[in-house]
Amino acid sequence: MIDQVGTNEEHEAVAEMLPWFINGSLTGREAARVETHLQRCQDCREHLDFLRAVSRENVEQAPAWQASPAHFAGILAEVEQLEAKSETELSPKKKEGLSLLARLKRGFRQTPTAVRWTLATESFALAALVIVLVVPQLRIENTVPGEYRTLSDADPISKLESSARFRILFDHDGMTTSDLVALLKQVHGQIVEGPTQLGFFTVAVVKNDEDATKAILQKHPNIRLVQKIE
Amino acid sequence: MNPANEKRGIALIERIALKDRKAFEEFYYLFANALGGYLIKMLNHHDWADECVNDVMLTIWQSAERFDAKRGKLTTWLFGIAHNKGLKTLERVGRHAKREVPDEWVDAANKEDDNDFRETPTAKANPERELISGELGEALTWALSVLSLEHRCVIELCFKNGFSYQEIAEIMACPENTVKTRMFHARKRLAELFEQRGYSLAELTGGT
């Protein structure tokens with residue numbers, strides 16, 4: 001007498017799972033479902049007993065095939081032939097490259113995803129740091145110094161203790177750059193400070209020529225004021 | 001499949017990818033018996049099974065670096081290769097495996113039809129009966145051997161090798177429901193064949 005519980009669908013579903021209930025590969029939920037059904041289904045219990053006997057006979061059967069050193073030697077001989085063939089087909093450089101590439105690929109595949117992302121972020125940060133630190137230095141080192149210098153740059157005349165200094169107010173409307181350059185050459189002078197808020201410049205000249213220089217400066221049509229700095 | 005073998009196998013396959021012969025040899029001794037046993041049940045021919053094991057091992061040597069443990073178990077991958085090699089061998093030889101039973105039984109048993117089984121000749125007409133002892137194990141061995149290819153494979157993968165139905169689906173490249181259906185019909189067919197040989201289910205199950 002067969003005692004079945006549940007729908008036919010449930011019975012069929014459980015009946016299909018019996019072999020894997022025997023080999024222990026069902027999930028916990030599936031196994032519980034089978035156990036519940038078996039408690040009330042004689043048909044499935046009989047099927048289970050039969051499958052257990054099949055399984056037992058199947059497992060207990062003597063091994064049908066045995067590995068052996070002779071068999072492996074044959075396989076290894078074929079492997080060596082394969083390797084020898086691929087060696088002759090590849091150039092040494094290509095082989096080395098492929099081997100390294102193969103290792104890199106395998107290493108990359110085996111690395112966990114989180115680690116890959118961490119490494120990528122760290123590499124990017126390192127590259128950015130190198131760019132920020134090294135590139136400006138390279139640019140500075142490779143630049144040809146410009147000819148531009150500020151008024152505060154040290155110059156030979158202003159450094160001399162024997163230089164005299166004059167405070168000068170130029171006529172900005174009348175004095176051109178070329179006039180100024182010509183004047184400074186004439187007096188052997190250099191602008192060392194200025195302009196101040198009032199427009200004064202300080203010109204340093206060689207001390208020996210200070211009187212002659214003062215005279216030249218005072219006579220210049222585009223100089224409004226000359227004052228010797230004591 | 002033994003989880004320890006799975007773990008050891010993964011360690012070895014990584015070394016095989018680097019062309020480590022020693023690891024390859026260890027791998028052979030770890031898995032070849034299971035692969036050979038499955039292929040012999042599938043092909044029912046020792047030489048063909050030998051050849052297939054060769055082919056599987058060569059494939060492992062050439063493709064070791066393609067195995068990715070994140071995508072599935074090593075043993076599932078291995079047996080998938082073995083199953084495929086077995087099918088190709090059968091295609092190559094042009095017919096199903098030679099058996100020690102009459103051809104008419106071979107044709108009937110290997111008909112690829114899950115829903116319609118033809119009965120094999122009765123036990124009385126079986127010229128092989130005198131060779132079969134009264135032992136239940138031998139009767140069952142015989143019954144297993146005359147099942148169709150797919151049914152033999154499912155039984156072997158489930159009981160001998162302990163694969164889940166999901167893993168068997170992957171190995172045999174078919175849907176999970178197909179695996180369950182094949183097993184269901186294999187069980188029914190086995191019971192029929194067993195009874196044809198004059199044994200009752202009660203004898204097989206020990207009267208439970």
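Modeller: A:His188 is partly exposed, its relative accessible area being 48%; buried means under 20% relative accessible area, exposed over 50%, and partly exposed in between, with a 1.4 Å probe and protein chains only. The model is predicted: local features need pLDDT of at least 70, side-chain atom pairs count only at pLDDT 80 or more, totals for chains, interfaces and linings use all residues, and side-chain values rest on heavy atoms, with hydrogens and water left out. Residues are numbered from 1 along each chain as its sequence is written, while chains are lettered from A and ligands numbered from 1 in the order in which they are written.

The backbone of A:His188 has a positive phi, near 55°, in a residue other than glycine. A:His188 is found in the loop between α8 (177–187) and β2 of chain A; helices (H or I, at least four residues) and strands (E, at least two) are DSSP runs numbered from the N terminus. The loop between β2 (189–193) and β3 (200–206) of chain A holds A:Pro195, and the peptide bond joining A:Gly194 and A:Pro195 is cis, with omega about -5°.

Chain A as a whole has 9 helices and 4 strands, in the order α-α-α-α-α-α-α-β-α-β-β-α-β along the sequence. Of its 230 residues, 29% count as buried. Chain A exposes about 15800 Å², of which carbon and sulfur atoms supply 57%; these areas come from the Shrake-Rupley method with a 1.4 Å probe, and for residues only the protein chains shown count as cover. Among contacts (heavy atoms within 4.5 Å) in chain A between residues at least 6 apart in sequence, 64% join residues at least 24 apart.

Chain B has 10 helices and 0 strands. Buried residues make up 50% of the 208 residues in chain B, and its accessible surface comes to about 9500 Å², with 47% belonging to carbon and sulfur atoms. Of the contacts in chain B with a separation of 6 or more, 68% involve residues 24 or more positions apart.

The linking region between chain A and chain B can be read from B:Ser164. B:Ser164 lies in the loop between α7 and α8 of chain B and is buried, with a relative accessible area of 8%. Leaving aside neighbours within four places in sequence, B:Ser164 is in contact with A:Trp20 and A:Ser25. Helix α8 (residues 165–172) of chain B has 6 of its 8 residues buried, so it is largely enclosed by the rest of the structure. The buried residues of α8(B) are B:Tyr165, B:Glu167, B:Ile168, B:Ala169, B:Ile171 and B:Met172. Their cover includes α1 (8–22) and α2 (28–38) of chain A, together with α4 (74–93), α7 and α9 of chain B. Just after α8(B), B:Ala173 takes a positive phi of about 55°.

Two packed helices are described by the angle between their axes and the distance between the axes. Helix α7 (residues 149–160) and helix α9 (residues 176–196) of chain B pack at an angle of about 100° with their axes 9 Å apart; axes are lines fitted to C-alpha atoms, for helices over the stretch in contact, and angles run from 0 to 180 degrees between N-to-C directions. α7(B) and α9(B) are therefore roughly perpendicular to each other, where angles under 35 degrees count as roughly parallel, over 145 as roughly antiparallel, 65 to 115 as roughly perpendicular and the rest as oblique. Residues making this contact include B:Val154, B:Ile155 and B:Phe159 of α7(B) and B:Met183, B:Ala186 and B:Leu190 of α9(B). By class, the contact of α7(B) with α9(B) has 8 nonpolar, 2 polar and 2 charged residues; Ala, Val, Leu, Ile, Met, Phe, Trp, Tyr, Cys and Pro count as nonpolar, Asp, Glu, Lys and Arg as charged, and the others, Gly among them, as polar.

A further loop residue is B:Lys19, placed between α1 (3–16) and α2 of chain B. B:Lys19 has a positive phi of about 65° although it is not a glycine, and at 32% relative accessibility it counts as partly exposed.
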